[in-house]
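Hello! Here are a few notes to read alongside the model. Please have your viewer open as you go through the points.

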Amino acid sequence: MASLIIKPSPHPSTLSPLRKHTPGMSDAQPASGERYRRGLAQLEKMGGESVQSMLGNIQDLSPDLARITVEFPYGDILSRPGLDLRSRQIATVAALTALGNAPVQLRAHIDMALAVGCTEEEIKEVIIQMAVYAGFPAALNGMAAALEVFSAREKRGV
């Protein structure tokens with residue numbers, strides 16, 4: 001079995017002059033690269049309007065966080081081959097339900113799961129299953145989030 005070797009980050013004094021590290025300064029990169037474009041395209045496929053809205057709200061406060069949130073999860077991970085979007089969203093709803101501390105993200109991903117073809121019954125079953133692994137409070141909170149999403153979608157006529 002191959003071992004994973006993690007190399008430490010270079011000391012700031014060894015960075016090239018073009019990328020000198022200054023404490024307290026942002027290493028902001030423009031939100032225009034291939035990863036960012038791929039992430040936005042993935043969000044559009046998933047019906048991620050709520051995520052895009054949330055990112056718009058934090059863009060002025062932290063453009064780096066907004067960019068990284070598009071690039072890494074959506075541009076790098078969720079766009080990988082190997083699982084379809086339904087399967088990825090079922091896994092995401094399960095994980096966020098089990099975490100129990102991300103209600104905004106859970107509601108957004110329940111909405112996206114429905115947008116990519118999951119049914120309300122599938123969402124409810126995934127959340128019920130999380131009672132076994134994450135406990136009843138997490139499952140009850142997850143079900144409350146699902147109810148909010150189902151009601152909002154019904155009001156929007158989706």
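1. How many helices and strands does the secondary structure of the chain come to? The chain has 7 helices and 0 strands, taken as DSSP runs of H or I with at least four residues for helices and of E with at least two for strands, numbered from the N terminus.

2. A word on provenance: this is a predicted model, in which local features need pLDDT of at least 70 and side-chain atom pairs count only at pLDDT 80 or more, while totals for chains, interfaces and linings use all residues. Residues are numbered from 1 along each chain as its sequence is written, and side-chain values use heavy atoms, with hydrogens and water left out.

3. Of the 158 residues in the chain, 31% are buried (under 20% relative accessible area, 1.4 Å probe, protein chains only). Among contacts (heavy atoms within 4.5 Å) between residues at least 6 apart in sequence, 65% join residues at least 24 apart.

4. Have a look at His109, in helix α5 (residues 103-115). His109 is buried, with a relative accessible area of 8%. Leaving aside residues up to four places away in sequence, His109 touches Tyr74, Gln89, Thr92, Val93 and Leu96.

5. Helix α5 also meets helix α7 (residues 136-156): their axes, lines fitted to C-alpha atoms over the stretch in contact, come within 9 Å and cross at roughly 55°. The contact involves residues including Leu106, Ile110 and Leu114 of α5 and Ala145, Val149 and Phe150 of α7.

Technical notes: Buried means under 20% relative accessible area, exposed over 50%, partly exposed in between (1.4 Å probe, protein chains only). Axes are lines fitted to C-alpha atoms, for helices over the stretch in contact, and angles run from 0 to 180 degrees between N-to-C directions.
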